[in-house]
Amino acid sequence: MTTTPASQPARPLGLDDITVIDDSKLKKAVTAAALGNAMEWFDFGVYGFVAFALGKVFFPDASPAVQTIAALGTFSVPFLVRPLGGVFFGLMGDRFGRQKVLSLTIIIMAISTFCIGLIPAYATIGLWAPILLLLCKLAQGFSVGGEYTGAAIFVAEYAPDRRRGFLGSWLDFGSIAGFVMGAGLVVVLQTLLGEARFLDWGWRVPFFVAGPLGLLGLYLRHAAEETPAFTQQLERMEQGDRDAIKERPGVSFREIFTRYRKALLICIGMVLVTNITYYMLLTYLPTYLSSSLGYSEAHGVLIIIVVMIGMLFVQPVVGFVSDKIGRKPFLLIGSVGLFFLALPAFKMIGTDNTGMIFLGLLVLAVLLNCLTGVMASTLPALFPTRIRYSALASSFNIAIILAGLTPTVAAWLVESTQDLMIPAYYLMVAALIGLTTSFFLPETANRPLRGDTPNASSRQEARVLLQQAYEHIEQNVEEVDERILELEAQIETLRQRRQTLVDQHPRLD
């Protein structure tokens, strides 16, 4: 429903209140969001696949196992500053708009990633090398704190209600594509250059690629228009709408953590299960295959790249089907599947058979698709427009602190216990979190975002949505009427019992 002044009764939802999304603007918004997200995960993919090289370049005096843990530790430390970035960019996004913030985050991400390629080796500048690497990763962590959540909100607020799952799935399609691009580039460079030249200078090339990618992403985001939901929020304020003024974008985190506690916990749970699985499969496993299992680095990377390419085809299918059957079934399937299949999958990965390794990775990948395919369409629907960016970015990045430690913790646990099944147990714990979350998750498929008016692809679809809205209201009214009749019957029964008691015991009257 649209917001109305407090002195006036709320008017019924009309056809003009339903936003018809321009198809060209929608495509531009989805492309801009997905490409920026691809650049973010391009860096994560590159970093995960060159962790062994970075360990030798920046931590040369350590043992091979410690080098790997140190490099992955540098990967994980920036997650500690992501909540700060989430709060900062979330407040900016709710006050100044999603489009402006997303343009800023991609600039910071591109510059910091490019600068990693410029850092001299430890042999040249000593301790300053890992320090500069850490500073670049901290800058990345700060910008990423507002990147994914802002991009998810941008797509969700643009998407028609009936296609939000499908369109939102392209955001993580960009994530996976970024991983594929990063990993593929690393493999090509390793093959063409050989280990010596790759360690000397070849590892820098993927980070330099972030420069032009960032410029392209900035161009697309700058060209995209602000989302309809945020624009309507500003218009209501400019028109003097009392409710909108009362609920101006001045965000109170006390309100968020009290009034929206359940939504925050649901968001944290869903982010944990999804991103623990994400980082385990796409960041840690390349290192696990080579360092822990002694598998050929080239073969291990190629298998994971093939698996990720397969994920690209599954990702939009999950989003499309979620628009038909809902988001909750996929969260349930992914969580239950992880709990029961993580251990068998890692047993297959632990064999020396390429086909079994591929099958084990494929099982984990499909289960991950079930989670990533619905996350971008589900999370923004948990919060209203005026606090959506702040609430989502803060809760998302609180969970990311724990999820981002996955590669480092898994590597340390495997090294200290010598138990190669530790990653499977790790995923089983994450699955329990996802399973618990799924029971409390409200179904959001084919419904407007919380507090927003409906979005439609066309005027005809808007009429259908309006009709469905009134049918839903009529159904609710009928249910209320039936409940009133039931209560009236119960009241009459109680009156009769009272009268019977009074007749039997006159003193009770």
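This is a predicted model: local features need pLDDT of at least 70, side-chain atom pairs count only at pLDDT 80 or more; totals for chains, interfaces and linings use all residues.
**Reading a helical protein model**

Me: What is the average pLDDT of the protein?

Reply: pLDDT is the predictor's confidence in each residue, from 0 to 100. The average here is 83, and 86% of the residues score at least 70. Over residues 1-10, however, the pLDDT is below 50, and this stretch has 21 contacts in the model beyond near neighbours in sequence, a contact being heavy atoms within 4.5 Å. Residues 244-249 also stay under 50.

Me: How many helices and strands does the protein have, and what share of its residues is buried?

Reply: Helices (H or I, at least four residues) and strands (E, at least two) are DSSP runs, numbered from the N terminus. By that rule the protein has 20 helices and two strands. Buried means under 20% relative accessible area, exposed over 50%, and partly exposed in between (1.4 Å probe, protein chains only); of the 509 residues, 53% are buried.

Me: Which residues touch the most other members of the largest nonpolar core?

Reply: A nonpolar core is a set of buried Ala, Val, Leu, Ile, Met, Phe, Trp, Tyr and Cys residues joined through side-chain atoms within 4.5 Å. The largest one has 125 residues, of which Leu281, Leu285, Met308, Phe346, Leu361, Leu364 and Leu379 touch the most other members. Helix 13 (residues 261-292) gives this core its largest share, 18 residues. Leaving aside residues up to four places away in sequence, leucine 364 touches several residues, including Leu281, Leu285, Phe346 and Leu427.

Me: How many salt bridges does the structure hold, and which parts does the pair of glutamate 147 and arginine 221 tie together?

Reply: A salt bridge is a side-chain nitrogen of Lys or Arg within 4 Å of a carboxyl oxygen of Asp or Glu. The structure holds nine of them. In one, glutamate 147 and arginine 221 bring their closest N and O atoms to 2.6 Å apart. Glutamate 147 lies in helix 7 (residues 128-158) and arginine 221 in helix 9 (residues 205-223), so the pair ties together parts that are 74 residues apart in sequence. Glutamate 147 is buried at 4% relative accessible area, and arginine 221 is buried at 3%.

Aspartate 161 also forms a salt bridge with arginine 164, at 2.8 Å between the closest N and O atoms, and both residues are buried.

Me: Is arginine 327 buried or exposed, and where does it lie?

Reply: Arginine 327 lies in the loop between helix 14 (297-325) and helix 15 (328-349), and with a relative accessible area of 1% arginine 327 is buried. A polar contact is a pair of N or O atoms within 3.5 Å; within protein, one must be able to donate a hydrogen and the other to accept it, and residues adjacent in sequence count only if both atoms are side-chain atoms. The side chain of arginine 327 makes such a contact with the side chain of serine 322, at 3.0 Å.

Note on methods: Residues are numbered from 1 along each chain as its sequence is written. Side-chain values use heavy atoms; hydrogens and water are left out.
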